[in-house]
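Me: I have a structure open and would like to go through it with you. Could you start with the terms, please?

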Amino acid sequence: MRKTHHFLWLLLFLAICCKEKFTPNLNSPTTGYLVVEGIINGGNGSTNINLSRTIKLDSTLQHELGAIVQVEGNDNTTYTLTEKGNGLYQIDLLNLNSANKYRLHIYTSNNNEYISDFVDVKDTPPIDTVAWTYDGDGVHITANTHDPNNNSKYYYWNYEETWEYNAPFIPELKTVDTIINFNEGHTFMVVPWPADPSVHTCWNTQLSSQILIGSSAKLSEDIIENAPVTFVPKGSLKLSKMYSILVKQYALTADAYAFLNIMKKNTEQTGSVFDPQPSELKGNIHSVKDPSEIVVGYVSAAKEQTKRIFISNSQVQNWNYQTACQEDTVDPAITPIRQWVASGYVPVHILSKHDGIIYNGVQTVIVDTYTITLPQCVDCTLTGTNIKPSFWP
Amino acid sequence: MRKMYSICLCFVLPLFYSVAWAQKNAKDTVTLDLHGATVDQFVQELQNQTGFRFYYDVSQFDSLRVTITVTDQPLAKVLEQAFTGTDFLYSIDDQHRVFFSKGQAVKTLLPAGLLGTTTVTPKKQTDSLFVPEVEKKRKPNERAILENKIYEIGDKSVDIGQARVNIAGYVLDAKTGEPVVGASVYIEKPRIGISTDQYGYYSISIPKGRYVMNVQSIGMRDTRRQIVVYGEGKMNIELQGQVITLKNVIVSAQKLSNVRSVQMGVQRLDIKTIKQVPVVFGEADLLRVLLTLPGVKSVGEASTGLNVRGGSVDQNLILFNDATVYNPSHFFGLFSAFNPEVVKDVELYKSSIPARYGGRLSSVIDINGREGNKKNFAGSAGIGLLTSRLNIEGPLIKDKSSFIVGGRTTYANWLLNILPDQYKNSRASFYDVNFNISHEINKKNNIYLTGYMSKDRFNLNSDTVYDYGNQNISLKWKHVFSNKLSGIFTTGYDRYRYNIQSDHDSLTSYKLNFDVNQGYFKAHFNYYLSSSHTLEFGVNSIYYKLHPGSYQPGGGKSLVVPDEVNAEQGLESAAYISDRYTITPNFSVEAGIRYSMFNYLGPQTINTYAPGLPKETDNITGTVNYGKGDFIKTYSGPEYRISARYSFSDSFSIKAGYNTQRQYIHVLSNTTAQAPTDIWKLSDPNIKPQYGDQFSLGLYKNFKSNTIEASVEVYYKRIQDYLDYKSGAVLVLNHHIETDVINTKGKAYGVEVLIKKNTGKLNGWISYTYSRTLLKQDDPTAGEVINNGKYYPANYDKPHDLTVISNYRVNHRFSVSLNATYSTGRPITVPIGTFYYAGSLRTLYADRNSYRIPDYFRMDLAMNILGNHKVDQKTHNSWTIGIYNLTGRKNPYSVYFISENGIVNGYKLSIFGSAIPYINFNISF
C-alpha cells in the first residue's frame, strides 16, 4: 500500500492553492446497470448483499428491490437471502464448506437473471490487533494480521465506528406557549426545564466509506503490519467521551483484490498530475441473457473476522474537543422569542428573570435576557441515538 | 537614383577635395563614439580625425546608421566594423582617399592581368594600405577576414583539368573560434549552395572562375568573400556576431534557408532566441520554447514531455551532443534537463528526418552543446529563485583546443517549506553537470569529448525517496579525408536510472532499481560528389542493456522478497545512404533509405502464447530459455526518407515529403504526464516494434526582403503497434508485461502555420496548429476493446493551438518579451454515472477521452536589462525580470472526480494558479 506513487502528490501540493471545486455540466446518459456489493460470509455473522443501480450524476440512490438473491454451491446447495429493504438482502450464518465453491445467483424483478463466477471460500486469519497511535494530528487506527499458512496474502477491511457523546448544553428553560403574551415583543412564557438526561448522552455509528485493502504478496511472510484503517482528527467529537471501532477483515483472491484496487484508484486516488486514465472495472457477475451487459461488482466468499477496540477520551491527552454549538444572548425587548423559535432556535440559559403568572398551575418566569442555540446542541437524539449499544461498556 | 559609381564620384569628388585636402597631417587612427549617426556625420568625424578624403554616393548610403565606439583604432578596422553585415564596402588607396561603395569594392590599383584574360587576377593584390597589417596576423590556415579582398584558391599555374573544383573549410565565430552550424555558404550565377554541418564544416563544388561567396547564419553578420578558383583548396571564414549593430540598415540579403533547403518540418532555435522567451521561474528552458513551435504539444504545464505531430512522448529521440537523453526533465517536469549556458542551439525534425537518425517515430530533437572559447577564458554565472548556474570555458591550447564546463543546482526546498504543513518534511533537489572538450589535432582531424550527468532526488514527507538521473559520455572524431569526403566517428555510453526506496526500516521497506544503458557506435560520412549530388551515408549500432526492475528488501527488518525482472539485451543496427540531388537550381530532391535491424538477445526466458488468443497468463503455452548471446528475435526493415523542393522564385517554394520510421524501444506508462518512473521496454518476440509513416506538404514564402518567413505545412501520419496498457495493468516488476499491454493504431493529421520575423526591433513568431491525434484499439483478440473499437482522441489531442512569441528591443540594453498561448483543452475521461459501493458513491467510467477540460490561455512577460555595452570591460551583467502567467488565469491541468466522505466531488486542478513573478541575475566574464 505504501508503494503507491507518493511523489505523484508533490505536484498536487504545488497545485494546492489551485485545486478548486468544479462541477462541469456533464450530460450523462441514463445507465441503470446492476450494482452488486457484498461478500458471501462463510464464517460467523450474516451475509449481506446490497443491490442497486448505477445512476446519472447528481441523481439519488436507486436500490434494487424485489429481487431474489441466492447463494449456490457447486455441490448444488442453495441458500436464499431475505430482502430487508433498501436493496439489502441478508442471510444469517451460512455454514459453507471450504472444499466447495460458491456463487451468487440473482433474479431481478424485471425478469433478468445474473450469476457470478464460482469463487473459493477464503479462510480469513484472525485480526491480531487493531492498534492506534496518537500524535499531534489525531488518532491513527491500523490493523495487524498474519497468516501462518501463507494463504491469504490479499486483505479487505471495512469498519463500524461508534462513539458516545453529549449534547453540549443542558437547557434551563423551555417555551411552553407563546399565546399568552402580556406585552407583545417583550415577554413570553417559559417554564424551568427539568433537564431531560435521555437526550443528553447519545451514540452515533458510521460505516467506512473508503476501500481498505492490503497485500503481503511481495513479502516473504504473510504479515500485514499497520495497515491504515482510519484516522480521527484531533479535537473530533468522536473522541470527546468514548470511541469504539469494529474492524472486519476478509481474505480475498488476487482477482478480487485487483478489482477493488482499480475501483479505489478510479474513485479515490485520482487527481494527481501523473494521473492514470480511469480503468475499466471488470467484475465477475454476468447477465445470463446478455453477457456484454455491464454489471458492477465482484462477488467474493470469505470467512469474516472481526475485532473491536475502545478508546476513551482519558487516553488521549489534550484532545481539545470544541463544540461548534454557540449560545447567543438575546433580549426579548429587541426580538421576540417567537421569531427565534420560528427560525429554529431554542432557549438555553436564563440570564435574568422575574416571576410571571401561574400558568396551568405552574409558576412561570418572565425572562429579561436569555441565551439561545440550535436544537441539536441541547438534544443529541437529533444527531444520534440515545439507545446504548449492547457492546458498550 | 541608380547612377554609376564613377559618375557620382565626379559630382562628389570636387566637393570633398577642397575640404579635405587642406589637412596635411593625415593620421590613420580614430576615436569615435557614435550612436545612430548618418553617413554624413560619420564621414565628417572620420575626416576631421584622419584627414583622409571620402567618396561615396549619398543616395546609396542614406539608409546607413552607424553606432560605434572605438578608441585609437585603425581607420580600416573602424570601417570594417561599421560596414560588417552590410553590403557596403570600402577601399583606401595610397593617396589617402577612401571610397565607399555598395556591392563591389572600388579597385584602387589596376589589376595586373586587366589587360589579359578577364578571369585572372593578380596573386597578391593589395586593396588598401592597411590590408598588409591585417594579413600579418593571419593564421596558418588562412582565415578570410576581409570582404573586399580577393582570395585565390588553388594554384593557377596548374591546370587540374576538371571543370568543377571543390572548396571546403570551416565557418567560425570570429570572437570565440567556435564553429558556426548551419551557416549557408553559396555563390550566385550559377546558384550553388550548401549549409555547414554541426562542426561548421562546408564543402562546395563549383566551376573554376571568379565568384562572390556569400556566408550567412542566423545571429551572425552576413559576409561575403571574393574568390578566384583555380583548383581545390581550403578556406576558413570567420563570422562576426551581431554584437554591435548598424541600426536601421536592414541586413536582409537572402535569409532563405527555409525556402531553399530541401528538408521540411525542421526548426532550428539558437540559445539567444531561447533565452528571450519568458518561462516560469526564469530559467531558460529549451524544451518549453520548442513547445511554442507549431506541431509540438504537451499534456500540461507540469510536463516537459513533448508530443510532436501526434506522437507520444517516447517517440522523440532527444540527442544532446549525440548522446540519447532518456529523461529530459528535472523537478517533476518544471525544468528541462539542459543547462542553457552550455547549449548552442537545438534542431527539431518533425517531418523530414534525415536518414542518419532513426529509432523513434515522431521526431528528433538534436541539441548541440557549445564548444568552449578557443581564444580566451570566459565564463558566466546566473542566480535565480530556484536555481543557480555557473559555466567556465577557455582554451586548453590557444586556437586548437578548448573546454567548457557547466553546472546547475537548485535550492527549491524553501518552496517546499512554505507549503502547507503536510509537506513540511519534503525535500527536492537536482543538479546537472556538462563538459565538452574539443581539440583540433590538425586541419583534417578534430576530436570532441562530451559528458553529461544529471541527478534528481526528492521525498514527499513520506518515507519514500525517489532518485533519478542521466549519465552520458561520448567521444567523437571528425576526419576530413578529402575536400569531398569527411567522416565522423562517434562512440559513447548513455545511462538512465532511477530508484525508489523507503528511508526507514519496517517490514515492508524496499528498494526498487531500474536502469536503461546503451553503448553505441556511429560512423557517418558526407560525400560531396558534385555540385548537384551530396551523399550522406553511414552505419550505426546501439547495444541496449535494460534492468527492468529489481526489488530488494530495504532494511534488516524487511520481509520483502527480492524480485528481479530479467535484464534485457538488444542490438539495434542501421545502415543508411541519402543523396541530396539538385536537379535544377529550382528543383531538388533528397532521398534516403535506412535499413534498420533489431536483435533481441539472450539470456532471456520467453513465454509463448497460444496463437489467435489474447496474450494473457491463462494462454501461456510454455516458456523457452535462451542462452547468453542467442539471437531470440530479429526485426528488420527499410525506412524511407524522401523530400523534394521546388522553388517558384527566390522567396517561394513548395516541398513534399514522405518518411517512415521504426521504433524498437518503448515506454510503458499509464500516466498522462511523463513520469520519471516510467518503464522502458525493448521489443521482444511478444512485443512488436512500432511503425509509423508520414506524408507532408508545405508552402514556404518569404516577405519583405526575406525578413519575414512564412510557412504552411500539412501532414498525415499513421502509427501502428503503439503500446497502450490494459485496464488495471501492472507495469512495475511484471515478468510477463506483454499480458498487460495492447497494440493500438493511431492516426494524426494537421495543418501548421508559422510566421516568423527574425530581425528588427520587433521580432518573434506566430504559430498556429490545427491537429488531431486519434487512436484505436478494435481487435478483440488482443484483449479489451476501447470505446467499442472506434477512434478516440489521444490525451494530448488539442485541435487548436495558437502561440505568439514577441520580443521588442527598446534599445541595446533593454528589451521586452511578451508571449501568449492558447490551446483547446485536452481530452479527459469523465464519469457517465455513479454507483454506490463500499460505503460511498463512486464514479462509473466509460468512453475514454470523451470530454475536454476548459481551454488553456496564458500570457507571459519578461524584461531583459543588460548592463553597459562596453566591449572591453571585464564582466557583463544582465537582469531578467518577468511574470509568468501574467493574467493569473487558473488554467486547468485536469478535471477529476473523487469519492470523499461518501459523495463524489469534482475538482479542477491548476498547476499555476496565479501570476508568478521571477528575477534572474546573470553575469558573464
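Reply: Helices (H or I, at least four residues) and strands (E, at least two) are DSSP runs, numbered from the N terminus. This is a predicted model, in which local features need pLDDT of at least 70 and side-chain atom pairs count only at pLDDT 80 or more, whereas totals for chains, interfaces and linings use all residues. Residues are numbered from 1 along each chain as its sequence is written, chains are lettered from A and ligands numbered from 1 in the order in which they are written, and side-chain values use heavy atoms, with hydrogens and water left out.

Me: Where is B:Ser643 found, and is it buried or exposed?

Reply: B:Ser643 is found in strand 39 of chain B, residues 631-649. It counts as buried because its relative accessibility is 3%, where buried means under 20% relative accessible area, exposed over 50% and partly exposed in between (1.4 Å probe, protein chains only).

Me: And what is B:Ser643 in contact with?

Reply: Leaving aside neighbours within four places in sequence, B:Ser643 is in contact with B:Val262, B:Gln263, B:Ser352, B:Ser588, B:Val589, B:Glu590, B:Ala656 and B:Gly657, contact meaning heavy atoms within 4.5 Å.

Me: What about B:Ile577, which lies in strand 35?

Reply: B:Ile577, in strand 35 (residues 568-584) of chain B, is partly exposed, with a relative accessible area of 42%. Not counting residues up to four places away in sequence, B:Ile577 touches B:Glu536, B:Phe537, B:Ala591, B:Gly592 and B:Ile593.

Me: Switching to the cores, which residues touch the most other members of the largest one?

Reply: In the largest nonpolar core, which has 72 residues, these are B:Phe331, B:Tyr544, B:Ile665 and B:Trp680. The largest share of this core, five residues, comes from strand 32 (residues 510-530) of chain B. A nonpolar core is a set of buried Ala, Val, Leu, Ile, Met, Phe, Trp, Tyr and Cys residues joined through side-chain atoms within 4.5 Å. Another core, of 32 residues, lies apart from it and has B:Tyr151, B:Met220, B:Ile227 and B:Val480 among its members.

Me: Which nonpolar residues form a patch on the surface?

Reply: B:Leu697, B:Leu699, B:Val712, B:Val714 and B:Val751 form a nonpolar patch there, with about 330 Å² of accessible area together. Accessible areas come from the Shrake-Rupley method with a 1.4 Å probe, and for residues only the protein chains shown count as cover. Patches are made of residues with over 30% relative accessible area and no salt bridge, like charges being joined within 9 Å and nonpolar side chains (Val, Leu, Ile, Met, Phe, Trp, Tyr) within 5 Å; a salt bridge is a side-chain nitrogen of Lys or Arg within 4 Å of a carboxyl oxygen of Asp or Glu.

Me: Now helices: how many residues of helix 4 of chain B are buried?

Reply: Seven of the nine residues of helix 4 (residues 75-83) are buried, namely B:Leu75, B:Ala76, B:Val78, B:Leu79, B:Glu80, B:Ala82 and B:Phe83. Just after helix 4 of chain B, B:Gly85 takes a positive phi of about 90°.

Me: And chain A overall?

Reply: Chain A comes to three helices and 28 strands, and buried residues make up 48% of its 393 residues. Among contacts in chain A between residues at least 6 apart in sequence, 72% join residues at least 24 apart.
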